[in-house]
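Hi everyone, thanks for making time for this. Please have the viewer open while I talk.

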Amino acid sequence: MIVRSMSALIARDLRLAVRHGGESLMPLIFLFSVIILIPLGVGPGPNLLAAIAPGMIWVAALLASLLALENLFRPDLEDGTLEQWWIGFCPAGALVVARLFSHWLITAVPVIVFAPLAAQMLYLPAEALGVLVLSLLLGTPILSLVGGLAAALTLGTNRGSILLSILVFPLVVPVLIFATGAVSAAADDLSARAHLGMLGALLILAITLVPLATSAALRLNIE
Amino acid sequence: MSPMLETRQASFARSGESVFAPVDLTLAAGEALIVLGPNGCGKTTLLRMLAGILRPWEGEVVRHCQPAFLGHLPAFKGDLSCRENLAFQRRFHGGEGLDENRALARVGLAGLGLRPARTLSAGQKRRLGLAGLLVAPRSLWLLDEPYASLDDAGCELVDQLLTEHLAGGGAVALSAHQRKPMIEIDLARLELTPPGGAA
């Protein structure tokens, strides 16, 4: 029954994302604007571009994730669908997981799929592509989880987006450091295992704690 | 008869001030309760607390079954069609009630299944909310101002649905301030009073 409620919520989120077509393409447009503008700004030298490629792709993924956070829970609060989360058999924490999963599907998966292409455009060595995708797979869920907590905390404030960014940025700095570290190590033919291990640990920490904290924060805002 | 809902000295407080005097009530199958009181006396707050959206400040609320809550907010997505909204409700709340088209026909919205919910009028939105009660049946209904924005035919529809629900072994708690239900079944009345019992 819990799975049925969660899948209903994910299916509806995806349907709404398709219906809002343009908004859902934003992460990809964002990624490619960054990738195309960077060589124009710093010059087209392959060595320089290859050195900054992991950071650029990761910053694009991070900002794409942040873009959609403002609307993660707010429309549901305003139209009354959020309060229905506390009625019935499905614990709100599970519904938070479902909502964050659809946020990840919409904002991160397109970026992960197109990241190898973007990396090639920046001359990232082909050996590092696998680690780049792996770092995104491990790291972007953390962005969604941490962002979800911040979105829930700022739900009660009018125009919470500035506060939201201030809350999220310090918390995702470790993700950015370890993820770009992993890709740079792989590009230099070094082992990326330690970095990826740290990312995995951060992901486990976030998955364990964030749904509980987020549902508590949402409840405070509903009351 | 076993109760579906019980409260024991339940009250709710905002910023440390209680909204209404503690409430003791029990609601069993086939029973209906109407919550009365002037604007701002906490009718909505009480119903939200009974539904489990708000946690009681003091005392306790015990629910022996899953409630359905129909509030001021539509709880629908304006960009989805009426039918998609109802299909979501059915899956989300795990209901096996009427199918979407029959529920829409029952509340007088036949033929509007493909219309985006945001294009409905205020009264039609209320009717869509009632259809939501039919696609995902729950034995306990908590209705906040179910007669608001409805025309005469809509109010009669609410009365009919209430009668059928109570006859089928359901229970209802509702708030109202202008029109009261005109149904054959006895309504228990709960007058909300400000804390301290001044009124």
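Let me begin with a definition: the expected span of a helix is 1.5 Å times one less than its number of residues. Helices (H or I, at least four residues) and strands (E, at least two) are DSSP runs, numbered from the N terminus. Before I use these, some housekeeping. This is a predicted model, where local features need pLDDT of at least 70, side-chain atom pairs count only at pLDDT 80 or more, and totals for chains, interfaces and linings use all residues. Residues are numbered from 1 along each chain as its sequence is written, while chains are lettered from A and ligands numbered from 1 in the order in which they are written.

So, what span should helix H4 of chain B have? H4(B) covers residues 122-135, and at 1.5 Å a residue its 14 residues should span 20 Å; the end C-alpha atoms are 20 Å apart, which agrees.

Is this helix covered or open? H4(B) is mostly covered, with 11 of its 14 residues buried. Buried here means 20 or more other C-beta atoms within 10 Å of a residue's own, exposed means 12 or fewer, and partly exposed is in between, with C-beta atoms placed from the backbone. Among the buried ones are B:Gln124, B:Arg126, B:Arg127 and B:Leu128. The buried residues of H4(B) pack against E7, H2, helix H3 (100-106), strand E8 (140-144) and H5 of chain B. For contacts, the rule is that two residues' C-beta atoms, placed from the backbone, lie within 7 Å.

Now the sheets. Strands of a sheet pair through backbone hydrogen bonds, either parallel or antiparallel. Two strands are called paired if DSSP finds at least two bridges between them. One open sheet of chain B has 3 strands in the order E4-E1-E6, with antiparallel pairing. Its edge strands are E4 and E6 of chain B, each pairing on one side only. From one strand to the next, the twist averages 5°; axes are lines fitted to C-alpha atoms, for helices over the stretch in contact, and angles run from 0 to 180 degrees between N-to-C directions.

Let's look at the pairs themselves. Strand E1 (residues 3-11) of chain B is joined to strand E4 (residues 23-28) of chain B by 5 bridges. In that pairing B:Leu5 stands opposite B:Leu27, and B:Pro3 has B:Ala28 as its bridge partner. E1(B) also has 5 bridges to strand E6 (residues 58-63) of chain B, where B:Arg8 stands opposite B:Glu60.

The other sheet I want to show is parallel: 5 strands of chain B form an open sheet in the order E7-E8-E9-E5-E10. Here the edge strands are E7 and strand E10 (187-191) of chain B. On average, neighbouring strands of this sheet are turned by 15° against each other, direction ignored. Strand E5 (residues 32-36) of chain B is joined to E10(B) by 5 bridges, and B:Leu36 has B:Glu191 as its partner.

Two loop residues next. B:Val19 lies between strand E3 (17-18) and E4 of chain B, and with 21 C-beta neighbours inside 10 Å it counts as buried. Leaving aside neighbours within four places in sequence, its contacts include B:Phe12, B:Gly42 and B:Thr45. B:Leu112 sits in the loop between H3 and H4 of chain B, and with 19 C-beta neighbours inside 10 Å it counts as partly exposed. Not counting residues up to four places away in sequence, B:Leu112 touches B:Cys82 and B:Leu104.

How is chain B divided? An automatic or database domain assignment gives domain 1 (1-67 + 138-199) and domain 2 (77-137). Their centres, taken over C-alpha atoms, are 23 Å apart. In chain B, 10 residues of domain 1 are in contact with 10 residues of domain 2. Helix H5 (residues 152-167) of chain B gives the most to the domain 1 side, with 4 residues.

Last stop: the chains. The contact takes 20 residues from chain B and 20 residues from chain A. On the chain B side, strand E7 (67-70) and helix H2 (82-92) each supply at least two residues, and the largest share, 3 residues, comes from H2(B). Happy to take questions!
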